[in-house]
Amino acid sequence: MKKIVLLSGATAILTALSIPAFAQTEIATGANVTGVAGVDDDITDIEDAVEDSFDRSADADRFGPSDRRQGLFGNMSLAYTGRTGNVENQDFALAGRIQHNQAPFAQSIGLSIEFGEDDAGNKDKEEVAVIYDAQYYFNDRFYAFALGRFKIDGLVDGLDNADERLRDPEEDDDLRRDGFLGFGPGYRVINTDTTTWRVQAGLGVRYTLTGAQHLNDEGSETELGYIASSRVYHRFNDMIFITNDTDFLSSDEGGDVLANEFGVNFKMSDQLATRISYTTEYQSERAIRTDNTLGVAVVYGF
């Protein structure tokens with residue numbers, strides 16, 4: 001059985017594509033050649049991951065569309081690196097997002113293209129992905145949502161990379177194409193300054209093509225699924241707030257997927273903030289069905 005990819009709700013999908021447009025080449029003279037710049041990049045990656053965790057927990061969409069930027073806007077980023085000498089390879093990445101908000105209707109389209117080669121100059125990445133997210137608010141509480149995703153992995157062809165004449169059994173269940181479209185109603189059960197709770201549920205259609213199906217020209221698979229999500233936010237005071245995010249997805253081939261993340265956020269001072277989260281993910285088709293993850297993030301500035 002193939003895994004069903006979990007979509008974490010109408011807001012989380014917007015974070016899937018984010019590439020910085022510009023970055024300085026080194027932090028100080030000589031930093032690149034001595035390896036200082038590489039370690040500094042690693043430090044920045046850790047800081048960005050922690051900040052993203054805090055940003056997601058705040059749930060920018062919890063109060064609805066009232067403070068959204070209106071009109072058409074977006075961004076696009078491109079990166080290319082070509083290497084010669086001891087290694088011969090190149091990497092290319094393009095990512096962008098276009099958003100359009102007009103009164104009660106908000107929608108976003110994201111695109112990601114990545115191509116890469118290994119040290120021998122052979123392709124090691126060939127991926128294209130598109131996402132779509134939309135919400136239409138009938139009033140302050142009732143809305144409709146749509147979620148879409150389509151991904152192509154050109155390297156999943158059912159063949160052994162070392163010898164393209166031979167079938168690769170490990171790619172039999174790997175997905176060459178994977179698409180999902182879901183839509184349905186949503187409702188804000190509670191919407192106050194301190195507490196918000198919204199729920200949404202609907203139907204989803206998943207389209208898949210495995211490496212084996214591509215190799216044997218067997219055709220793709222399409223199946224109907226069901227999706228449901230809940231988002232809870234409660235602020236006790238200016239220092240502490242909690243969140244609880246729940247997602248459920250079910251289909252005949254993929255089985256049931258249930259994920260729940262509970263988070264507690266502390267702002268102990270203007271310099272110190274802490275987030276503790278506990279995530280449980282259940283998949284009915286796995287040998288070990290449940291995974292649990294404890295996360296701790298701390299930010300301290302001085």
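The following legends describe close-up views of a predicted model. In this predicted model, local features need pLDDT of at least 70 and side-chain atom pairs count only at pLDDT 80 or more, while totals for chains, interfaces and linings use all residues. Residues are numbered from 1 along each chain as its sequence is written, and side-chain values use heavy atoms, with hydrogens and water left out.

**View 1. Twelve strands form an open, antiparallel sheet.** The strands follow one another in the order β1-β2-β3-β4-β5-β6-β7-β8-β9-β10-β11-β12. β1 (71-83) and β12 (290-300) stand at the edges with a single partner strand each, so one side of each has no neighbour in the sheet. From one strand to the next, the twist averages 10°. Strands here are DSSP runs (E, at least two residues), numbered from the N terminus, and two of them pair if DSSP finds at least two bridges between them. Axes are lines fitted to C-alpha atoms, with angles running from 0 to 180 degrees between N-to-C directions.

**View 2. Strand β11 pairs with both β10 and β12.** β10 (residues 255-267) and β11 (residues 272-283) are joined in the antiparallel sense over eleven bridges. Within this pairing, F262 has Y278 of β11 as its bridge partner. The pairing of β11 with β12 is likewise antiparallel and runs over eleven bridges. There, T279 has T293 of β12 as its bridge partner. A hairpin of six residues leads from β11 to β12. Strands of a sheet pair through backbone hydrogen bonds, either parallel or antiparallel.

**View 3. Aromatic rings form six pairs.** Rings of Phe, Tyr and Trp (its six-membered ring) pair if their centres lie within 6.5 Å; planes under 30 degrees apart count as stacked, over 60 as edge-to-face and the rest as tilted. The rings of Y233 and F241 have centres 5.1 Å apart and planes at 35°, so this pair is tilted. Both Y233 and F241 are buried (under 20% relative accessible area; exposed means over 50% and partly exposed in between, with a 1.4 Å probe and protein chains only). One aromatic cluster consists of F105, Y136, F138 and F142.

**View 4. R83 and D91 form a salt bridge.** A salt bridge is a side-chain nitrogen of Lys or Arg within 4 Å of a carboxyl oxygen of Asp or Glu, and the structure holds nine of them. The closest N and O atoms of D91 and R83 are 2.7 Å apart. D91 is partly exposed, at a relative accessible area of 28%. R83 is also partly exposed, at 34%.

View 5. K125 is partly exposed, with 32% relative accessibility, and E114 is partly exposed at 29%.

**View 6. R231 and D245 form a salt bridge.** The N to O distance in this pair is 4.0 Å. R231 is buried, with a relative accessible area of 8%, whereas D245 is partly exposed at 22%.

**View 7. R149, D178 and R206 are linked in a network.** The links between R149, D178 and R206 are salt bridges.

Conventions:
Helices (H or I, at least four residues) and strands (E, at least two) are DSSP runs, numbered from the N terminus.
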